[in-house]
Amino acid sequence: MSEDVRWRIARRAALELRPGDVVNLGVGIPTLVADCLPPGLTVFLHTENGMLGVGPSPAPGSEDPYLINAGKQPVTELPGASYFHSADSFAMIRGGHIDVAILGALQVDERGRVANWAVPGRSVLGVGGAMDLLTGARRVIVTMTHTGPGGEPKLVPECTYPITSVRPVDVVVTDLAVFRWVNREGLVLTEVAPGVTVDDVRARTAARFRVAQEIQPWQEVPGVA
Amino acid sequence: MVHSSKLRTAAEAVSAVRDGDTVMVGGFGLVGAPLTLIDALAASTAKDLTVISNNVGEPGRGLGVLLRQRRIRRAIGSFFTSNPEVAEAAGRGELEVELLPQGTLAEAIRAGGAGIAGFYTPTGAGTELARGRETRRIGDREYVFQPALTADVALIRAHVADEYGNLVYYKTARNFNPIMATAARHVIAEVDEVVPAGQLDPERIVTPHLYVDVLVIATHKLEGVPRGV
């Protein structure tokens, strides 16, 4: 997967954030969102290992080894930051106090269900905070490449990988398109990336989806990376 | 160094861990893990341990040392992926593993410390991790029952203690440590420094001393972290 593709997805996902949102970023593409927030937008980043007010990556040489995010990468502390223990951190998540969770996914299905913690046939020995975030965040945005390494669609009729929650996703951002999950309608295609047609999306999507009456022009935070 | 009746050497402290004990160990990865106490436990003879910890360290580091020594019989945690040797040991039948969503793990420890027998959580309902578990519909939502977790001994990491054992933590090294301090019969805290009572701002104390039985000075210092409060 090229870096460009990952950044495009992150720049599009960043536009979903609203002023003042408390946002939890998962590992992988979601982490990139921190570095492409729209200029002037203030959001508060939460990390489930016990911090609100996560700042950007530290300059090389100034890392604090005891100040990390959930992906165990060194981060910094912004003015107004706070620390708390793991049970409080997950009370915030499960209790509906996190506005947005941006998560990676292996599959998303027609019911909006996300699979992102286990692959069948491999020993499943890690779940971390994925299930809590999907269960408790007010809005869930999935960022993922549209297809897997072998070209297999990740938007599928029904997840074949173990699901993370029965709660449906709100928005799916891929390198080709944006889908919104609407109750009783299912997946709705609302945007396609520049140079991509609805038919291109159809050809690489196994899940049924509805095409919005008006496809919105693709927007993203202007590239910095 | 300030005198504290709770101060022990690491070896003395971990002699409280008996064969077959359940031991809570703080940390998120190696950050906030009580590495001095883990070293001392590795040098002891305690075996057949049940470990409650978010991770089982990394290969040959932190709790990964005890895993290699085959001293852990059972691990309860949420993310063992950072140590591939956990899956290998489980595959060989040497290690029993119980995987919980991280929030469920944390809340089960908090409940254990607060005298609550268990709770119903929406996390994991309808997934593989709920299989075989008691579930209950409350309102329009399904919940999974999770019993509380308690331990014989907790090994935790804090930054500074006062002579009574009041504890303050450092940044994201806090994680599971304060809740584990509440949920074990015997709590051993590894700290960088012990200061006289009165020197810690009472408003800043996260773990009051009644939870803490023993203090040990860390030999794995938090490098580059300012001393004192």
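A cavity here is a set of points, on a 1 Å grid over the protein atoms alone, where a 1.4 Å probe fits but cannot get out. Grid points are joined across faces, edges and corners, and a volume is the space filled by probe spheres set on the points.

Before you go on, note that this is a predicted model, in which local features need pLDDT of at least 70, side-chain atom pairs count only at pLDDT 80 or more, and totals for chains, interfaces and linings use all residues. Residues are numbered from 1 along each chain as its sequence is written, chains are lettered from A and ligands numbered from 1 in the order in which they are written, and side-chain values use heavy atoms, leaving out hydrogens and water.

**Stop 1: the largest cavity**

Select B:Leu99, B:Leu100, B:Pro101 and B:Arg133, which are among the residues lining the largest cavity. Lining residues have an atom within 4 Å of a point. Which classes make up this lining? There are 6 nonpolar, 5 polar and 1 charged residues. Ala, Val, Leu, Ile, Met, Phe, Trp, Tyr, Cys and Pro count as nonpolar, Asp, Glu, Lys and Arg as charged, and the others, Gly among them, as polar.

**Stop 2: the second largest cavity**

Now select B:Val25, B:Ile38 and B:Asn55, which are among the residues lining the second largest cavity. That cavity has a volume of about 60 Å³, and its lining has 5 nonpolar, 7 polar and no charged residues.

**Stop 3: where the chains meet**

Show both chains: 44 residues of chain B are in contact (heavy atoms within 4.5 Å) with 37 residues of chain A. The area buried between them is about 3,200 Å², of which carbon and sulfur atoms give 63%. Buried area is the accessible area (1.4 Å probe) that two parts lose on being put together, summed over both. Highlight B:Phe28, B:Lys171 and B:Thr172: in chain B they lose the most area to chain A, together 20% of what that side buries.

**Stop 4: a salt bridge**

How many salt bridges are there between chain B and chain A? The count is 2, taking a side-chain nitrogen of Lys or Arg within 4 Å of a carboxyl oxygen of Asp or Glu. Zoom in on B:Lys171, which forms a salt bridge with A:Glu77, with the closest N and O atoms 2.6 Å apart.

Definitions and conventions:
1 Å grid on protein atoms, 1.4 Å probe; cavity = no way out; pocket = protein on both sides within 12 Å on 5 of 7 lines; lining within 4 Å.
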